[in-house]
Amino acid sequence: MKILVCISHVPDTTSKINFTNGDSEFDANGVQFVINPNDEFGLTRAIWFKEQQGANVTVVNVGGPDAEATLRKALAIGADEAIRVNANPTDGFFVAKQLAEVVKQGGYDLVIAGKESLDYNGGMVPGMLAGLLGFDFVNSCLKLEVTGTDAKAVREIDGGKETLSAKLPLVIGGQKGLVEEKDLRIPNMRGIMMARQKALAVVEPTDVAPATKAVKFEKPAPKSAVKLIRPDNLDELINLLHNEAKVI
């Protein structure tokens, strides 16, 4: 089984986010980037398939040279090879088109992507990728088993879970739960050294016009100051909740 894991290169959640050029562009200065958490769950599951079923695992990213450190980390975790599509990931459709070309060229049986990236939270790429390829698609995937060309997946739905059967080739949008957090892998020194010897191919993008353009970004409004009320001053608490917070 050939598995392609789509890796987003996203800011660490502890990074301070700023925008430039009239708040129309993200400012990457001083920002630490990591593997998108949803993608990391998918990568860990793919490594399980490699170890238990002999699958071959390739990771792919649409991005610039700065994303190669993130791809190298994925290689250190256990992926066999990496591909970087040399393009700025302008929007979801553009990224999906680039990934679809990689899948077609590589003949992959299973494509694992995160259901959404931590930065833009668009949640569009996995579904569009499946549509472009004509593959079956399972989003919000919590569990995945593959036997031969048969797949069994569990996905999260409102109020519960749904179990589905599908055939390979298949695209899934994975999330937390695809593996346990305790099973996520931290690259060790041996993995880091081996990653330096693994293939990281850089391919040029297919010609696709971006469908959307970011016009402006806006940060959430800062939280208001906290007012502390003595535990024995219930009248003041009720007054503030009623007249200021207007929640009662």
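The model is predicted, so local features need pLDDT of at least 70 and side-chain atom pairs count only at pLDDT 80 or more, while totals for chains, interfaces and linings use all residues. Residues are numbered from 1 along each chain as its sequence is written, and side-chain values use heavy atoms, without hydrogens and water.

In soluble globular proteins, nonpolar side chains tend to be buried together. A nonpolar core is a set of buried Ala, Val, Leu, Ile, Met, Phe, Trp, Tyr and Cys residues joined through side-chain atoms within 4.5 Å; buried means under 20% relative accessible area, with a 1.4 Å probe and protein chains only. The largest core has 35 residues, and Val-5, Leu-43, Val-59, Leu-144, Leu-170 and Ile-172 touch the most other members. Among the elements that each supply at least two residues of this core are strand E1 (2-6) and helix H1 (37-53); helices (H or I, at least four residues) and strands (E, at least two) are DSSP runs, numbered from the N terminus. Leu-43 touches residues including Val-5, Val-59 and Ile-77, not counting those up to four places away in sequence; contact means heavy atoms within 4.5 Å.

The largest pocket is lined by 49 residues, and Asn-88, Pro-89, Thr-90, Asp-119 and Tyr-120 lie nearest its centre. On a 1 Å grid over the protein atoms alone, a pocket is an open set of points where a 1.4 Å probe fits, with protein on both sides within 12 Å along at least five of seven lines; lining residues have an atom within 4 Å of a point. Strand E6 gives the largest share of this lining, four residues.

Terms used: Buried < 20%, exposed > 50% of the residue type's maximum accessible area, 1.4 Å probe, protein only.
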